[in-house]
Amino acid sequence: ISDRTMDLGLAEDHFSRPVGSFVASDIEQLKLAIEECKKLILELPEHSERQKDTVVKLIHLRLKLQELKDPEEDEPNLRILLEHRFSKEKSKSVKQTCDKCSTIIWGLIQTWYTCTGCYYRCHSKCMNLITKPCVRSKVSHQSEYELSICPEIGLDRQDYRCAECRTPISLRGVPNEARQCDYTGQYYCSTCHWNDTAIAPARVIHNWEFEPRKVCRSSLRYLALMMSRPVLKLKEINPLLFNFVEELVEIRKLRQDILLMKPYFITCKEAMEARLLLQLQDRQHFVENDDMYSLQDLIDISSGRLSCSLTEIHTTFAKHIKLDCERCQAKGFVCELCKEGDILFPFDSHTSVCHDCSAVFHRDCYYDNSTTCPRCARMTERKQDVVLDIKDA
């Protein structure tokens with residue numbers, strides 16, 4: 001066996017980078033050595049040390065052959081294709097799967113790329129076969145969800161072909177298995193649909209259902225990129241949801257309070273220096289409006305995670321305005337109807353706010369605009385006095 005091993009050239013260091021370049025004969029010799037090595041592995045006692053050593057040598061020979069056939073230095077670091085921005089990966093130890101051919105990417109012996117926009121991964125050799133544009137461009141140009149639950153059109157409308165690559169498919173699996181994407185409702189081949197699962201936005205909005213469903217690869221990437229985008233206006237899409245999900249009502253009230261607190265912070269030097277509003281930097285839309293939600297918001301509401309974190313932030317904000325900052329305290333209100341009690345703020349739970357002048361009153365004193373607002377009455381009287389003065393002049 002040792003003589004045969006020497007004949008195969010296994011004692012040589014085929015793994016190190018050679019000086020100069022190989023010619024075609026070197027590649028052929030390596031191929032022959034690999035075949036002989038495979039035969040030798042089968043002849044050696046199973047699980048023996050010699051067999052294990054020979055397997056290691058086989059791996060080294062294959063690595064060397066791959067280096068000669070596909071030299072890494074010939075591959076550019078950045079390639080742009082169908083709006084994808086592919087960056088060459090440096091990692092050699094991580095095992096990935098090619099999104100195009102569905103086979104394993106062996107980082108040690110194969111060059112591979114990842115799109116920095118949608119994280120599409122593929123072999124270098126598969127890049128020219130890609131037909132699907134980068135989904136990040138769709139997110140940028142068309143930031144909206146499919147809001148119908150699994151909108152199936154049927155295989156006949158797809159001409160019994162994969163909705164993405166147009167490979168012939170059928171539910172019987174001949175010639176290829178048809179797999180339905182719960183997000184688009186369309187059918188795909190096993191190369192474009194790996195049975196990955198994701199939460200479908202339509203099922204959340206209409207059914208308050210968060211069970212992950214099987215989706216195709218392009219839908220998986222699109223949903224991942226859209227996850228934190230606030231594009232769902234629930235009160236227009238499904239206003240009845242607030243009648244059945246108490247947590248949504250709680251979150252809406254907290255968001256409304258935060259919007260009432262915002263004017264205090266943007267005019268307070270201490271709040272600006274403490275960067276209090278940055279506590280919501282991961283949910284910037286919370287300081288801009290109270291009716292837009294991202295899918296991630298709804299997931300976190302369902303799990304209870306958002307209620308806990310937002311309540312804590314709400315408490316911190318209220319503490320600054322009502323206790324810690326004299327400048328913010330000075331902007332509070334005294335109920336002009338009873339002239340009793342503590343300083344009032346518009347975000348207090350026991351207050352009502354005049355929609356015309358934003359004056360704040362005790363809720364028990366001001367019955368939802370059925371009581372005349374003293375501040376509005378004074379402002380109206382002043383305007384009338386000005387008009388009379390002008391006429392008299």
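A residue is called buried under 20% relative accessible area, exposed over 50% and partly exposed in between (1.4 Å probe, protein chains only). By this criterion Tyr 264 is buried, because its relative accessible area is 7%. The structure is a predicted model: local features need pLDDT of at least 70, side-chain atom pairs count only at pLDDT 80 or more, and totals for chains, interfaces and linings use all residues. Residues are numbered from 1 along each chain as its sequence is written, and side-chain values use heavy atoms, with hydrogens and water left out.

Aromatic pairs were examined next. Rings of Phe, Tyr and Trp (its six-membered ring) pair if their centres lie within 6.5 Å; planes under 30 degrees apart count as stacked, over 60 as edge-to-face and the rest as tilted. The structure holds eight such pairs. One of them joins Trp 208 and Phe 210 edge-to-face, at 4.9 Å centre to centre and 85° between the planes. Phe 210 counts as buried because its relative accessibility is 19%. Tyr 264 and Phe 347 also form an edge-to-face pair, with 6.2 Å between centres and 80° between planes. This pair links distant parts of the chain, 83 residues apart: Tyr 264 belongs to helix α9 (residues 246-266), and Phe 347 to the loop between α13 (326-329) and β13 (351-353). Helices (H or I, at least four residues) and strands (E, at least two) are DSSP runs, numbered from the N terminus. Phe 347 is at 3% relative accessibility and therefore counts as buried. Ring pairs link Tyr 264, Phe 345 and Phe 347 into a cluster.

Arginine also meets aromatic rings. A charge sits over a ring if NZ of Lys or CZ of Arg is within 6 Å of the ring centre and within 35 degrees of the ring normal. The charged end of Arg 79 sits over the ring of Tyr 113, 5.7 Å from its centre. The charged end of Arg 255 sits over the ring of Tyr 293, at 4.7 Å from the centre. Arg 255 is also in contact (heavy atoms within 4.5 Å) with His 285. His 285 lies in the loop between α10 (269-274) and β12 (292-293). His 285 is buried because its relative accessible area is 6%.

Tyr 113 belongs to strand β5 (residues 112-115). Tyr 113 and Cys 115 point one way from β5, Trp 112 and Thr 114 the other way, and all are buried. In a regular strand the side chains alternate between the two faces of the sheet. Two strands pair if DSSP finds at least two bridges between them. Strand β2 (residues 84-88) pairs with β5 in the antiparallel sense over three bridges. Ser 87 has Thr 114 as its bridge partner in β5. β5 also pairs with strand β6 (residues 121-123), antiparallel and over three bridges. Trp 112 is bridged to His 123 in β6. β5 and β6 form a hairpin with five residues between them. Tyr 119 in the turn has a positive phi of about 65°.

Asp 99 is found in the loop between β3 (96-97) and β4 (104-105). Asp 99 counts as buried because its relative accessibility is 6%. Not counting residues up to four places away in sequence, Asp 99 touches Tyr 119, Tyr 120, Arg 121, Cys 122, Thr 191, Trp 194, Arg 217 and Arg 221. Asp 99 and Arg 121 are 22 residues apart in sequence and 5.5 Å apart in space, C-alpha to C-alpha. The side chains of Asp 99 and Arg 221 are joined by a polar contact of 3.4 Å. A polar contact is a pair of N or O atoms within 3.5 Å; within protein, one must be able to donate a hydrogen and the other to accept it, and residues adjacent in sequence count only if both atoms are side-chain atoms.

Arg 217 and Arg 221 are among the buried residues of α6. Helix α6 (residues 217-226) is mostly covered, with eight of its ten residues buried. The buried residues pack against α4 (135-141), β9 (196-198), α5 (201-207) and β10 (213-215).

The structure holds zero disulfides (cysteine sulfur atoms within 2.5 Å). For Cys 134, the nearest cysteine sulfur, that of Cys 118, is 3.8 Å away. Cys 134 counts as buried because its relative accessibility is 3%. The sulfur of Cys 376 is 3.5 Å from the closest cysteine sulfur, in Cys 354, too far for a bond.
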